[in-house]
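Trainee: I have just opened this structure and would like a guided look at it. Could we go through it together?

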Amino acid sequence: MRGLYAILLLTVSNLFMTFAWYGHLHLFKKMAWFAKLGLWGVILVSWGLALFEYIFQVPANRLGFEENGGPFGLFQLKVIQEVITLSVFTLCTVFVFKTDKLGWNHLVGFGLLVAAVYIIFKKW
């Protein structure tokens, strides 16, 4: 269960991360008050969102880490986090931001990431 909780928390964390890092580039500009903010205002809003990213990310890693009773080693946690990051980012880009289309090259890249997960998790 700890592994599942870690993955769910990492997913929520990455939703906040995606909006903190990329929301101001497209989505937030549609809000009148946000469009008027200068760079420092945008940075402060992004930091506010990043706080929630860390509120979910830190417990996820603590729950998932094998030395804390979780099922994952550090390399495994990192690869899981990267796959979640790219998955959440892709879904947000295509369906929320609506700035890009998912292409064949993205799918091939994701397939290679799945291969990376397999290689990292495989006991050699």
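Trainee: What should I know before reading any values?

Mentor: This is a predicted model, in which local features need pLDDT of at least 70 and side-chain atom pairs count only at pLDDT 80 or more, while totals for chains, interfaces and linings use all residues. Residues are numbered from 1 along each chain as its sequence is written, and side-chain values use heavy atoms, with hydrogens and water left out.

Trainee: How many helices and strands are there in the protein?

Mentor: The protein has five helices and zero strands. Both kinds of element are DSSP runs numbered from the N terminus, helices being H or I with at least four residues and strands E with at least two. Along the sequence the pattern reads α-α-α-α-α. The C-alpha trace spans about 55 × 35 × 20 Å along its principal axes.

Trainee: And how much of the protein counts as buried?

Mentor: Of its 124 residues, 31% count as buried. Buried means under 20% relative accessible area, exposed means over 50%, and partly exposed lies in between, with a 1.4 Å probe and protein chains only.

Trainee: Which residues of α4 are buried?

Mentor: The buried residues of α4 include L77, I80, I84, V88, C92 and F97. The buried residues of α4 pack against α1, α3 and α5 (104–121); contact here means heavy atoms within 4.5 Å. After α4 comes K98, whose phi is positive, near 55°.

Trainee: What about α3, how far does it reach?

Mentor: α3 has 26 residues and reaches 36 Å from its first C-alpha to its last, close to the 38 Å expected at 1.5 Å a residue. That expected span is 1.5 Å times one less than the number of residues. Among the buried residues of α3 are V42, L49, E53 and Q57, and the cover over its buried residues includes α1, α2 (32–35) and α4.

Trainee: Switching topic: which residues line the largest pocket?

Mentor: The lining consists of M17, W21, E53, Y54, Q57, N61, L74, L77, K78 and Q81. The elements giving two or more residues to this lining are α1 (2–22), α3 (39–64) and α4 (74–97). By class, the lining has five nonpolar, three polar and two charged residues. Ala, Val, Leu, Ile, Met, Phe, Trp, Tyr, Cys and Pro count as nonpolar, Asp, Glu, Lys and Arg as charged, and the others, Gly among them, as polar.

Trainee: You listed K78 there. Which residue does K78 form a salt bridge with?

Mentor: K78 pairs with E82, and the closest N and O atoms are 2.8 Å apart. A salt bridge is a side-chain nitrogen of Lys or Arg within 4 Å of a carboxyl oxygen of Asp or Glu, and the structure holds one. K78 and E82 both lie in helix α4, four residues apart, about one turn of the helix.

Trainee: Why does K78 count as partly exposed?

Mentor: K78 counts as partly exposed because its relative accessibility is 47%. E82 is also partly exposed, with a relative accessible area of 31%.

Trainee: Last one: is T18 buried or exposed?

Mentor: T18, in helix α1, counts as buried because its relative accessibility is 1%. Leaving aside neighbours within four places in sequence, T18 is in contact with G23, V88, F89, C92 and F97.

Definitions and conventions: 1 Å grid on protein atoms, 1.4 Å probe; cavity = no way out; pocket = protein on both sides within 12 Å on 5 of 7 lines; lining within 4 Å.
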